[in-house]
Amino acid sequence: MRVLIISTPVDTHFLPMLPLVRALTGAGHEVLVAGQPDVTGPAEAAGLATATFGEAFHYMDLRRGRRPEGLRPIEVVGRPPVQQIDGAAQMWRNHAPYFLYDYLELAREWRADLVISDHMEFAGPVVAKVLGVPSVWHRWGVAPTTTFMLGQTRMWLGPLCERLGLDSVPEPDLILDPAPPALASTEAPAARPIRPVPHTGDGTPWTYAAPPGRRVAVALGGYTLDLDGAPLVRRIVDALAAAGGVEAVVSAAPEYRAAIGALPAGMAYSAETAPGLLFPGADLVVHHGGPGSTLAAAALGIPQLVLPQLDETFLAGDKVAAAGAGTTLDTAELQNSEAELADSVRQLLTESAFRDGAQRLRAEIQDMPAPAETITLLEELTTRQEVLA
């Protein structure tokens with residue numbers, strides 16, 4: 001098969017598809033990743049063939065907005081309502097037309113047999129339908145777009161689709177969901193599970209020296225730090241220090257470390273961001289609710305302290321807490337309280353119920369089909385399409 005991968009221009013939207021892409025190339029299929037530099041950069045780093053269109057999207061420029069300097073988004077606007085989180089699809093609906101015709105021309109010239117895109121890249125199913133090949137959506141988190149919002153999006157993009165000879169944005173032939181049952185959305189269309197694989201990049205795994213029960217990974221993501229999150233990281237490491245005897249690896253690029261400050265004894269900075277390098281061996285992961293961190297900790301069976309900052313990260317925290325696999329502090333007041341942070345850390349490191357909940361999530365994920373087990377299904381999709389044609 002010749003498989004075209006299209007992603008909205010955010011690296012964390014593309015990376016969850018990477019295990020499936022690797023399984024495709026490992027099975028001898030040709031893969032081409034198309035998108036803006038935000039996506040093709042990580043794809044090239046993974047050794048994949050790419051086709052780049054336009055300039056970098058700079059997703060974080062949209063998130064900075066006009067906040068007062070020094071305040072995180074949660075300190076300014078609080079937790080967004082569910083409808084607003086679901087409404088994020090509107091941004092990607094607006095983005096879809098920009099490169100749709102470029103993707104269509106590329107897919108036609110490259111003779112793609114299958115188009116796979118993330119579930120917010122609405123151009124993917126359109127390109128596939130125009131060419132008469134199957135399409136697949138691959139979700140990247142625990143809060144996919146609801147059925148209602150997908151209906152709205154199809155309506156909004158109707159005129160564009162009509163110009164291409166389609167009634168509306170087609171539904172994909174298959175939807176893949178890396179969220180285990182306990183974390184999966186109940187408001188989105190049904191999907192086939194695909195086991196999430198923690199991203200490792202090409203770095204070096206972190207080696208923990210402390211005895212089990214006192215090992216912590218702090219990974220709030222570059223977005224959090226870029227949105228004035230350094231004081232929050234400082235409070236986290238101070239809470240860990242108050243717990244006593246804790247070893248921690250703190251993921252932070254060098255440019256943020258002066259603002260965070262020197263780390264307490266037993267803690268060290270790492271420039272690595274890949275959860276597959278930082279999380280294995282940890283007894284607790286403190287993170288922002290991003291899809292990569294949430295699903296990686298779940299896959300590894302590690303309790304989680306979720307400190308959401310934006311959009312669907314709040315829903316990720318809710319899901320983790322409801323599964324009994326961790327705790328979420330979803331207000332600025334709770335996140336800015338050293339006492340709340342310290343109490344959460346103590347509970348998550350000492351109470352076995354959270355470890356049990358995390359292990360239940362791990363067991364659910366182990367029961368999900370691996371990416372390699374999905375290849376046959378994708379091959380059947382293209383074969384069936386050829387027969388129907």
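Predicted model: local features only at pLDDT ≥ 70, side-chain atom pairs only at ≥ 80, totals over all residues.
User: Hi! Which residues touch the most other members in the largest nonpolar core?
Analyst: Hello! That core has 41 residues, and Leu 4, Phe 53, Tyr 103, Leu 106, Phe 122 and Val 126 are the ones touching the most other members.

User: New topic! Which residues of helix 16 are buried?
Analyst: Helix 16 runs over residues 313-322, and its buried residues are Thr 313, Phe 314, Ala 316, Gly 317 and Val 320. Around the axis they cover an arc of only 160°, so they sit on the same side of helix 16.

User: And what do the buried residues of helix 16 pack against?
Analyst: Their partners are helix 5 (73-77), helix 15 (291-300), strand 12 (304-306) and strand 13 (326-328). Just after helix 16 comes Gly 324, with a positive phi of about 75°.

User: How about helix 18, how many residues does it have?
Analyst: Helix 18 has 13 residues, 338-350. From its first C-alpha to its last it reaches 18 Å, close to the 18 Å expected at 1.5 Å a residue.

User: Which of the residues in helix 18 are buried?
Analyst: Leu 341, Ser 344, Val 345, Leu 348 and Leu 349 are the buried ones. Looking down the axis of helix 18, you find them within an arc of 120°, so they line one face of the helix.

User: Why do residues three or four places apart point the same way in an α-helix?
Analyst: Because an α-helix has 3.6 residues a turn.

User: Nice. Let's do charges. How many salt bridges are there?
Analyst: The count comes to eight. One of them joins Arg 2 and Glu 30, whose closest N and O atoms are 3.0 Å apart. Arg 2 is in strand 1 and Glu 30 is in strand 2, so this pair ties together parts that are 28 residues apart in sequence.

User: What about the salt bridge of Asp 330 and Arg 79, where do they lie?
Analyst: Their side chains meet at 2.8 Å, N to O. Asp 330 lies in the loop between strand 13 and helix 17 (332-335), and Arg 79 in the loop between helix 5 and helix 6 (82-86), so the pair ties together parts 251 residues apart in sequence. Arg 79, Asp 318 and Asp 330 are linked in a network of salt bridges.

User: Last one: are Arg 139 and Asp 177 buried or exposed?
Analyst: Both are buried. Their side chains meet in a salt bridge of 3.1 Å, N to O. Arg 139 lies in the loop between strand 5 (135-138) and helix 9, while Asp 177 is in strand 6 (residues 174-177), so the pair ties together parts 38 residues apart in sequence.

Technical notes: Residues numbered from 1 in each chain as written. Heavy atoms only, no water. Helix = DSSP H or I, 4+ residues; strand = E, 2+ residues; numbered from the N terminus. Expected span 1.5 Å × (residues − 1). Buried < 20%, exposed > 50% of the residue type's maximum accessible area, 1.4 Å probe, protein only. Arc of directions from axis to C-beta. Core = buried A, V, L, I, M, F, W, Y, C linked by side-chain atoms within 4.5 Å. Contact = heavy atoms within 4.5 Å. Salt bridge = Lys/Arg side-chain N within 4 Å of Asp/Glu carboxyl O.
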